[in-house]
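Here are my notes for you to read next to the model. Keep the sequence and the 3D view open as you go through the points.

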Amino acid sequence: MEVGDICGLTKVILMENKVQSFIQDNEITVGLPCYNEDKNIGVVLDDCVSLLSSHFSKWEILVVDNNSSDKTIEVVEIKIKKYLQFDGQIKIIKNKKNKN
């Protein structure tokens with residue numbers, strides 16, 4: 001390894017530490033617009049909760065349902081019950097009309 005390689009590696013490590021510190025010290029809100037996504041929304045929520053809870057101290061997920069005619073809302077409600085330890089961090093906004 002040459003001196004330039006070591007300096008470059010040091011810069012990468014310092015940058016990773018800064019990014020990690022930034023992520024842990026900040027809040028994030030993730031919006032998930034959906035329409036008839038009962039087959040997909042459960043997995044998406046699982047992945048989001050896993051990522052957000054491991055990288056952010058303050059986070060929330062807003063699921064915005066565009067008047068789905070399938071079981072999207074029911075699936076989201078089941079996931080909210082599954083993640084009770086994240087009280088209030090997963091929310092549903094239900095549009096009464098499809099707003100495209």
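1. How many residues does helix α2 have, and how far does helix α2 reach from its first C-alpha to its last? Helix α2 covers residues 41–55, so to speak a run of 15 residues, and reaches 21 Å. That is close to the 21 Å expected at 1.5 Å a residue, where the expected span is 1.5 Å times one less than the number of residues. Helices (H or I, at least four residues) and strands (E, at least two) are DSSP runs, numbered from the N terminus.

2. Before we go on, a word on the ground rules. This is a predicted model, in which local features need pLDDT of at least 70 and side-chain atom pairs count only at pLDDT 80 or more, while totals for chains, interfaces and linings use all residues. Residues are numbered from 1 along each chain as its sequence is written, and side-chain values use heavy atoms, with hydrogens and water left out.

3. Back to α2: its buried residues are Ile41, Gly42, Leu45, Cys48, Val49 and Leu52. They sit on the same side of α2, because they cover an arc of only 125 degrees around the axis; the arc is taken from the directions from the helix axis to the C-beta atoms. The face turned away from this buried side carries the exposed residues Val43 and Asp47. Buried means under 20% relative accessible area, exposed means over 50%, and partly exposed is in between (1.4 Å probe, protein chains only).

4. What covers the buried residues of α2? The cover includes β1 (27–34), β2 (58–65), α3 (72–82) and β3.

5. Now look at isoleucine 90 in strand β3 (residues 90–94). Isoleucine 90 is buried, at 7% relative accessible area. Leaving aside neighbours within four places in sequence, it is in contact (heavy atoms within 4.5 Å) with Leu45, Val49, Trp59, Ile61, Ile80 and Tyr83.

6. There are two aromatic pairs in the structure. Tyrosine 83 and phenylalanine 86 form a tilted one, 6.2 Å centre to centre with 40 degrees between the planes. Rings of Phe, Tyr and Trp (its six-membered ring) pair if their centres lie within 6.5 Å; planes under 30 degrees apart are stacked, over 60 edge-to-face, and the rest tilted. Ring pairs link Trp59, Tyr83 and Phe86 into a cluster. Tyrosine 83 is buried at 11%, and phenylalanine 86 is buried at 18%.

7. Finally, the structure holds zero disulfides, a disulfide being a pair of cysteine sulfur atoms within 2.5 Å. Cysteine 34 is buried at 6%, and cysteine 48 is buried at 15%.
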